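Look at the model below.

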Amino acid sequence: MLLFISGISYKHSNSLETSTELLVHSYKIQIQLEQLLSYLKDAETGQRGYIITHDSVFLIPYFNGREKVNKSFDILKNLTAKQPKQQTNLEQLRNLIDIRFIRLSNSLTILSGEEKNLLLGENMLEGNEIMNAIRLQIDQMIQLEISYFNNHQTKYNRDISFTPFITLILLLFTLIIFILAFLKINKDLNVLKNSNEELLISAESIKHAEIIGKFCIAIWNLQTDKLIYSDNLYRLLGCEPHSFEPSIENFLKFVHPDDRNIVSNGVEKIAIKHATYSRFYRVIRKDGHERFFSSMGKFIDNSENSTHISVIKDVTQEHLNNLTLQDKNRELEQSNKELASFNQIASHDLQEPLRKIQTFISIIAENEMSGLSDFGRNYFERIQTSVARMRKLIDDLLLFSRTNKIDKNFEESDLNLLLKNTLQDLSEAIVEKRAHIESDQLPVLKVIPFQIQQLFQNLLSNSLKYSNPIVDLLIKIECERIIAKDYPILDSAADNIYYKIAVTDNGQGFEQQYAEQIFTIFKRLHTSAEYPGTGIGLSICKKIVENHSGFIFAEGKPEIGAIFTVFLPA
Amino acid sequence: MQNDSIFVLLADDDEDDRLFFKEAFSNIKIKTIVKTVDDGVELMNYLTQTGNKLPNILFLDLNMPRKSGMECLKEIKKLEHLNDVAIAIYSTSASEQDIEDTFVKGANVYIKKPHDFATLRNLLEEVITINWHYQTSGLNRDGFLLSL
């Protein structure tokens, strides 16, 4: 822009100079022309003086005049070199002047000859005419120059008057440009300032996060081999920020001697193979404390640079927590094993003597019953009942512990088939209770088949057992596909779609306040005398449903019935 | 020894169970000769000793000291001269694993020791009246666990 302005100014002053030069040039021509005329006059006057006085002194201006006229011509010719019109005029003038000088020299010849007065007069008359023509010619030329001059003058004036105007416009223009440039720069500066502020906040956030999250960052430019450590790296090593030069060697000094290989191998992999790595190692802080570090790397590649960013985290707390957790886990596994072996003892080894007791009792009952008194028979029957109950308890416990089994074999199973099997197993009780059972179409699900069959069995047995003697027993099994979020009770559901299988009966039901307790092992709502049972059946149901990542809920109304609702993930 | 009676051999370490077993057979009308051994080692000694009469049916308890029923089963199946002996597993447990394993190893029938004497008697009667030719020729998994 400035160049443009100075260019304009230069051009402008240049034209001004030209204008001035032309003016001077024009004046010079006029002066020279007038001089030419005056030389001519001098020559004529000199000649006339000679004619009158015959004194040769007068001839000096005449000859000088001639010489000066010639010189003037040369000057004029030079001056008008670029003006063809004036050149033509000058040529005509030269002819006229030549003629005039011929006349003048003629006059001198005539003066020395005969009839001089007559001829002289004639010659002088003609000379006068020529002189007039010369004057006319010179006037014309001067007029022409004046017109040139005037043109120049007008142009010059115009240029002169334009100059301040253009300068002002240029100045204003420049000012506007400057203002615009200023605004633009200001705007850019603001953007830069904002970005800078954001960057500062971001950097500050990272610093803060590093301290809270106990991590730090090491940036390694693989081209320049330059390392940058964040302040927190020094802090994590128990040092003041920038208290040592960032280098792999310096860092390795803090790494536990046994783990140095891990770190240096990692560094090698980055440098040679450009492989990112994740490493776990110990460091010994400046204060001698051992800490556990974990490093994770990432490459940022562009055309010129390959930069590796390591995030190094102090995972001591996590590591220690992990160790504690592992210990706890081991303890838990141990106690689980103990529980399993207890289950084994309770359910299996107890069966052995019990079976013998039962067999001995049955032998006595078969052979010796008739020999017993009523009193003895009564007690003997009570022994039989108690033993049978113990047998049932042990069998159910065995079933419960088997339901606990960890190796679960999930198979695509048709639940309709599993229900059909259950109904077959229960057919005797169904006939006995004159129960009517209705069922919706059930889905095919990936389940542990024998467990689901057990679930059906336990739920239906429950309904059959606690039927209402006044009404015919009706058991309805309803099934629908539902979305978990539509059911507030499924707020802890991990899956989205479930099959809701509801088993509804019109039996004795129960008080709603027991709805949760009935799933607890050994929890019973009736005495053994009223309804024999172990209180394990429904807890097995709950276990089975939980094994399938499902949910089971109970709803009851005394004398109306019960609804057991099972949700199994689709 | 009479030719028309069935020779039954039981290997069981439990004295009471051996008693029940003998008692049950004494109540069965079919003519049987019952011999019992106290564990697997004694059983294998008996079976491998030349001149000993081989049983028609061998009842094998699984849980025995020194040599378990499973080990005996494996050994018996390797001995050619015992090919015709029908093997009935006679155990307190009826775990899926045990049933599966003994079936695969070539036992012919699996009996879970019942809780009362009448059932035991009926089961044993059932076992000795089984058409063993049919039972041994087919690999019938469904009828393997015998229950009444």
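**Where the chains meet**

Between chain B and chain A, 7 residue pairs are in polar contact, with both residues at pLDDT 80 or more. A polar contact is a pair of N or O atoms within 3.5 Å; within protein, one must be able to donate a hydrogen and the other to accept it, and residues adjacent in sequence count only if both atoms are side-chain atoms. On chain B, helices H1 (15-26) and H5 (117-129) each supply at least two residues of the side that touches chain A. H1(B) gives the most, with 4 residues. Helices here are DSSP runs of H or I, at least four residues, and strands are E runs of at least two, numbered from the N terminus.

This is a predicted model: local features need pLDDT of at least 70, side-chain atom pairs count only at pLDDT 80 or more, and totals for chains, interfaces and linings use all residues. Residues are numbered from 1 along each chain as its sequence is written, chains are lettered from A and ligands numbered from 1 in the order in which they are written, and side-chain values use heavy atoms, leaving out hydrogens and water.

The rule finds 4 salt bridges across this interface (a side-chain nitrogen of Lys or Arg within 4 Å of a carboxyl oxygen of Asp or Glu). Asp17(B) forms a salt bridge with Arg355(A). Their closest N and O atoms are 2.9 Å apart.

Now count contacts (heavy atoms within 4.5 Å). 14 residues of chain B are in contact with 12 residues of chain A.

Turn to Leu455(A). Leaving aside neighbours within four places in sequence, Leu455(A) is in contact with Cys541(A), Ile544(A), Val545(A) and Val566(A).
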